[in-house]
Amino acid sequence: MPTILIVEDNADNLSLTVLLLESAGYTVLSAVDAEAGLMLAQSGQPDLILMDIHLPGMDGLEATALLKSDAATAAIPVFALTALAMKGDEARIRAAGCDGYIEKPIRIHVFLSTIAARLNLPLPVP
């Protein structure tokens, strides 16, 4: 199964996301801040990155822009994990280079089906 990198500073959100993805058969890498996420993206070359927007220090949008400007990581799809669902937020998220976004709180079926669709895989059954 593909490898997914999660960059999330909230321990509960990170634990839930890791549990869902591992239950669905994915290999999971995780980071609690953007800097660690950038290093893991370069060294681990995941198939997909789930990026929280509100991170300590560098935010997720800035980290995504850096990933997309680096030839080594530019092709890795990045999905924002965000509670931002206001008008205009999607445009701002996409302008930073995100390939899509998944709203928090996570709805399990939508979460897993969005990831499977982006990776061209059948929907995993957790």
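Helices (H or I, at least four residues) and strands (E, at least two) are DSSP runs, numbered from the N terminus. The structure is a predicted model, in which local features need pLDDT of at least 70 and side-chain atom pairs count only at pLDDT 80 or more, while totals for chains, interfaces and linings use all residues. Residues are numbered from 1 along each chain as its sequence is written, and side-chain values use heavy atoms, with hydrogens and water left out.

Leu 14, Thr 17, Val 18, Leu 20 and Leu 21 of H1 are buried; here buried means under 20% relative accessible area, exposed over 50%, and partly exposed in between (1.4 Å probe, protein chains only). Viewed down the axis of H1, the buried residues fall within an arc of 165 degrees, so they line one face of the helix. This arc is that of the directions from the helix axis to the C-beta atoms. An α-helix has 3.6 residues a turn, so residues three or four places apart point the same way. On the face of H1 turned away from the buried side are the exposed residues Ala 11, Asp 12 and Leu 19. The cover over the buried residues of H1 includes S1, S2, S3 and helix H5 (108-118), where contact means heavy atoms within 4.5 Å.

The sheet is open and has five strands in the order S2-S1-S3-S4-S5, with parallel pairing. Two strands pair if DSSP finds at least two bridges between them. Strand S2 (27-31) and strand S5 (100-103) stand at the edges with a single partner strand each, so one side of each is left without a neighbour in the sheet. From one strand to the next, the twist averages 25 degrees. Helix H1 (residues 11-23) lies across strand S1 (3-7), S2 and S3, and runs at about 170 degrees to S1. Axes are lines fitted to C-alpha atoms, for helices over the stretch in contact, and angles run from 0 to 180 degrees between N-to-C directions.

Strand S3 (residues 48-52) is joined to the parallel strand S4 (residues 78-82) by four bridges, and Asp 52 stands opposite Leu 81 in S4. Helix H3 (residues 60-69) packs on the sheet and touches S3 and S4, its direction making about 150 degrees with that of S3. Four bridges also join S3 to S1, again in parallel, with Met 51 as the bridge partner of Val 7. In a regular strand the side chains alternate between the two faces of the sheet. Both faces of S3 are covered: Leu 48, Leu 50 and Asp 52 are buried on one side, and Ile 49 and Met 51 on the other.

Two residues other than glycine have a positive phi. Gln 45, with phi near 45 degrees, is located in the loop between helix H2 (34-44) and S3 and is partly exposed, with a relative accessible area of 38%. Asn 120, with a phi of about 55 degrees, belongs to the segment after H5 and counts as exposed at 70% relative accessibility. The peptide bond from Lys 104 to Pro 105 is cis, with omega near 0 degrees. Pro 105 is placed in the loop between S5 and H5.
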